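Let's take a friendly tour of a protein model, looking at its strands and at its charged side chains. Have the picture at hand as you read.

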Amino acid sequence: CDLPFEAQVDVFHLDDLLFSRTAFGAQRFLRTPRLLRRDGLDHFLIQLYRSGGYRGEADGRPVTLAAGEISIIDLSKPLDTHASVSDTVSLVAPRHLLDSLLPSDNLHGLVLRGTAAAIYADHLLALQHRLPTLPRCDAPIVVRAMAELLATLVRSGRCGNDTRNSRQEFALTRAKRYIEHQLHRSWLTPE
C-alpha cells in the first residue's frame, strides 16, 4: 500500500542561499539526465539530516547518509536516493559561491562525518535559530561565512597529508571554468 507523501517545509531566502528546514515521509529523490537537461539547475544542496537518512547513488557511486551527517549534492549531476522518514536542515547554494573557495567538480555525493559534520551542524542550527530576526543587511556576511566554513571543513577532510594535490585540483578546476566561460571568444584556439 502506497502512503501519501507528506512534508513540512520552512524556507528563508538569504541573499544567494535558500535555507530550509524540512520534515518529510519516506521518499525517492531522482535526478535523471533528462531532468538535468530540462531544469538546468547549477546549485548545490547541502543537507544536515537531523533524523533519518538515505541510501542511493550519486552519479553512479554509492552514497549513504545517516542522522547527524552532512551531504553535498550537485544538482547538475544524476542522483537516485531513497530516504527514510527524515528531518533536515538544508542550504541551496549557487555553484559560483563555492567555486571561488574550493574545487566543486567532485563534491557530488560527498558526506561530512564526525567532527566536521558536528561543527557545520552546529552552525546550521544556530543560523536556523537566528534567521527570523536576522537583518537583511547581514545576509551577505552570513552567506560568505557559511560557504567559507563548509569549504574549510571539506578541504580539511580531503587533503589529509597532501595539500599539494588539493591545490592542484583547485587550480585545474578554475582553469576549466575559465575556458568554459571563454569558449565563445574567437581568440581562444587549441594552439
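## Charged partners

A salt bridge is a side-chain nitrogen of Lys or Arg within 4 Å of a carboxyl oxygen of Asp or Glu. Side chains of opposite charge can pair when their charged atoms come close. Keep in mind that you are looking at a predicted model. How many salt bridges does the structure hold? There are seven.

One of them joins Asp-80 and Arg-28, with 2.7 Å between the closest N and O atoms. This pair links distant parts of the chain: Asp-80 sits in strand β8 (residues 79–83) and Arg-28 in strand β3 (residues 27–31), 52 residues apart. Asp-80 is partly exposed, at 24% relative accessibility, and Arg-28 counts as partly exposed too, at 46%.

## Buried or partly exposed?

Next, find Arg-31 and Asp-39, which form a salt bridge whose closest N and O atoms are 2.9 Å apart. Is Arg-31 buried or exposed? Buried means under 20% relative accessible area, and Arg-31 has 7%, so Arg-31 is buried.

## A pair within a helix

Helix α4 (residues 139–159) contains Arg-144 and Glu-148. Their side chains meet in a salt bridge of 2.9 Å, N to O. The two residues are four apart in the helix, which means that about one helical turn separates them. Arg-144 is partly exposed, with a relative accessible area of 36%, and Glu-148 is partly exposed at 36% relative accessibility.

Salt bridges can also join up into a network, as they do for Asp-42, Asp-74 and Arg-95.

## The sheet and its helix

Now turn to the strands. Strands of a sheet pair through backbone hydrogen bonds, either parallel or antiparallel. Here, six strands form an open sheet with antiparallel pairing, in the order β1-β2-β9-β4-β7-β10. Which strands stand at the edges? They are β1 (7–14) and β10 (110–112); each has a single partner strand, so one side of each is left without a neighbour in the sheet. On average, neighbouring strands of this sheet are turned by 20° against each other, direction ignored.

Conventions: Residues numbered from 1 in each chain as written. Predicted model: local features only at pLDDT ≥ 70, side-chain atom pairs only at ≥ 80, totals over all residues. Heavy atoms only, no water. Pairing = 2+ DSSP bridges. Axes fitted to C-alpha atoms, helices over the stretch in contact; angles between N-to-C directions. Buried < 20%, exposed > 50% of the residue type's maximum accessible area, 1.4 Å probe, protein only.
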